Amino acid sequence: FPWRGMISGSLQQQSFELRGALLGSGYPRLVLDLSGGHNEGLLQLDSVQLRDGGGENQLEARGEVRLGDKLSLALSLHSDGLDLPEFLDPLTGRVSGELALALEVEEQNWQLAASEIKLQGEVNNLQASASGMLFLDQGGSVRGSDLQAEINSARLSLAAVGEEAATLAVEVGDLGSWLEGATGQLQLLASLAPEPLGMDFEGNFGELSFEGIEIEQGQIAGHYQVRDGGRFGLSLDASGVRIAELELEQLLLAATGDDSRQQLRLSSLGEVSGELLLEGEGWGEHWRGRLSPTSLETPQGSWQLRDPVSLNWQQDSAQLFIEDHCWRSQHASLCPQGLLVGGDSSGQLAIEGELAMLDFLLPRGMTLQGAVKGLFRGQFTEVGGPTLTGTAELSRIMVTRLYGDGESATASWDRGQLHADYDESGLALQASLQRRQRQVLNLDMLVPLEGGAALKGRAALDRVQLGPLIAFAPGLSALQGEVS
């Protein structure tokens, strides 16, 4: 409905009553009733009432606003019940209580104070509360604050007495309450220095799981100075790390730097052991980095990066460009090319080498020989998600199964080809094998993304000799014949 109001008085002094609706505030519609007066730059708010149509959500306030070169505001707020607005999703619930709010603004300086805080309610079906006082100014100082809060399985305590550094303690009992799909616990303790403004923190976490990454336990520590070139430091020590099928005993991260120079060192111990060193210069649109040559030890042998790799931030597209480079092992080379990371990411991977690098995919006692060369292109868009397409050519393919007493069985093919396409519909695979200039296997398959969906495909066999396939059937002592 339209806004309505009544204003009366003189040029020096006025009184008013206003009523109207507010939309887009996180609620379907709120009705505002406002009454007060104005006298020589002092705006007196005798009554401010916000409520929804059903009266279930309501907020009352009274106070005053001093207008002029120095703006000041003082309000006393109270609510018997207020649903959390929609824009706070995933937090849902209802709170009630009261607080006093004060704000002062003069040119570039401002101070905000929330005192006499007494709030309680339920958030995400968990008890929530807040009490005490909170002060904040344009420099980030919280001097004089004394606040305790509990919300959504998290507890917060902030204390800043006198000239001493403020102490902030945060404990999260269930990270899944704040980050969908995550599990684990987190404790943080921070010291906030008022002058020069900065922060030191330390904490620990356990039973962490998110997006295929699992960590049994870890510690984190760091510091940051707003001035002094934005000097910072961060260290992380995690143990019992699992990333998809990769298991690491320990993962260490150390980062230091400021606005002009940075260094990040990442080291691991486990199925992949080694160290990555990244050094950067500049900040924002002028940032550029350098990844140092290194060597990583894996179950498939040692992978070496022999030459440094340049990285450059492209401000226009908000993407990180990574220079073409190659990781080389005894059996193969993997060469990322044209990598753009961030927003709509893209790149390609060239593969060349021996099939022996895939031995780890076979059962114990089996080996793979031959050559492979392929090129795979991928991209990720914020709208369409990840896509991948590529082709690999295989030659002189030989699979050998070793038995005791020096016995073995071998299956071999002259050539092979694999083509893969991955998008939102699933993984499409086309594969073929040739033996003595005759195509003996042709496979066309679609692997759906949904676990319950049916696997679709077609396989064609042409006079495939069964004898060599005994390598895949160790329980048999003999195998003869052919199949089409």
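Visitor: What volume does the largest pocket have?
Guide: About 1200 Å³. Keep in mind that this is a predicted model.

Visitor: Which residues sit closest to its centre?
Guide: L355, L358, L361, L394 and L418. They belong to a lining of 33 residues.

Visitor: And which elements give two or more residues to that lining?
Guide: Six strands are on the list: β27 (345-354), β28 (366-381), β29 (385-402), β30 (408-423), β31 (426-435) and β32 (438-447).

Visitor: How does the lining divide into nonpolar, polar and charged?
Guide: There are 28 nonpolar residues and five polar ones.

Visitor: Moving on. How much space lies in the second largest pocket?
Guide: About 710 Å³.

Visitor: Which residues lie nearest the centre of that one?
Guide: L82, L84, V95, L99 and L119. The second largest pocket has 32 lining residues.

Visitor: Which elements give two or more of them?
Guide: β6 (70-83), β7 (93-106), β8 (109-123), β9 (126-137), β10 (146-151) and β11 (154-159).

Visitor: What about nonpolar, polar and charged in the second largest pocket?
Guide: The lining has 22 nonpolar residues, seven polar and three charged.

Visitor: You mentioned β6. Where does S72 lie?
Guide: In strand β6. Leaving out neighbours within four places in sequence, S72 is in contact with E64, V65, R66, L103 and E104.

Visitor: How far apart are S72 and W110 in space?
Guide: Their C-alpha atoms are 9.5 Å apart. In sequence the two are separated by 38 residues.

Visitor: What about D69, where is that found?
Guide: D69 is in the loop between β5 (58-66) and β6.

Visitor: Buried or exposed?
Guide: D69 counts as exposed, because its relative accessibility is 78% and the cut-off for exposed is over 50%.

Visitor: What is D69 in contact with?
Guide: V105 and E106, once neighbours within four places in sequence are set aside.

Visitor: And how far is D69 from P194?
Guide: 27 Å in space, C-alpha to C-alpha. They are 125 residues apart in sequence.

Visitor: Is E107 buried or exposed?
Guide: Exposed, with a relative accessible area of 74%.

Visitor: What is phi of R436?
Guide: Near 55°, which is positive, and R436 is a residue other than glycine. R436 is in the loop between β31 and β32. Its relative accessible area is 70%, so R436 is exposed.

Visitor: Now disulfides. How many does the count come to?
Guide: One disulfide. C326 and C335 form the link, with their sulfur atoms 2.0 Å apart.

Visitor: Right-handed or left-handed?
Guide: The link of C326 and C335 is right-handed, with 110° about the S-S bond.

Visitor: Why is C335 called buried?
Guide: Because C335 has a relative accessible area of 10%, and buried means under 20%.

Visitor: Let's do cores. Which residues touch the most other members in the largest nonpolar core?
Guide: L311, L355, M357, V372, L394, I397 and W413. The core holds 28 residues.

Visitor: Which elements each supply at least two residues of this core?
Guide: β22 (301-305), β23 (309-314), β24 (319-322), β28, β29 and β30.

Visitor: What lies apart from it?
Guide: Another core, of eleven residues. Its members include A154, V172, L186 and I215.

Visitor: Last one, S268. Which strand does it lie in?
Guide: S268 lies in strand β18 (residues 261-270). S268 counts as buried, because its relative accessibility is 16%.

Visitor: And what does S268 touch?
Guide: L248, Q250, L251, S273 and G274, not counting residues up to four places away in sequence. S268 and D237 are 10.0 Å apart, C-alpha to C-alpha, and 31 residues apart in sequence.

Notes
Residues are numbered from 1 along each chain as its sequence is written. This is a predicted model: local features need pLDDT of at least 70, side-chain atom pairs count only at pLDDT 80 or more; totals for chains, interfaces and linings use all residues. Side-chain values use heavy atoms; hydrogens and water are left out. On a 1 Å grid over the protein atoms alone, a cavity is a set of points where a 1.4 Å probe fits but cannot get out, and a pocket is an open set with protein on both sides within 12 Å along at least five of seven lines; lining residues have an atom within 4 Å of a point. Grid points are joined across faces, edges and corners, and a volume is the space filled by probe spheres set on the points. Helices (H or I, at least four residues) and strands (E, at least two) are DSSP runs, numbered from the N terminus. Ala, Val, Leu, Ile, Met, Phe, Trp, Tyr, Cys and Pro count as nonpolar, Asp, Glu, Lys and Arg as charged, and the others, Gly among them, as polar. Contact means heavy atoms within 4.5 Å. A disulfide is a pair of cysteine sulfur atoms within 2.5 Å. Buried means under 20% relative accessible area, exposed over 50%, partly exposed in between (1.4 Å probe, protein chains only). A nonpolar core is a set of buried Ala, Val, Leu, Ile, Met, Phe, Trp, Tyr and Cys residues joined through side-chain atoms within 4.5 Å.
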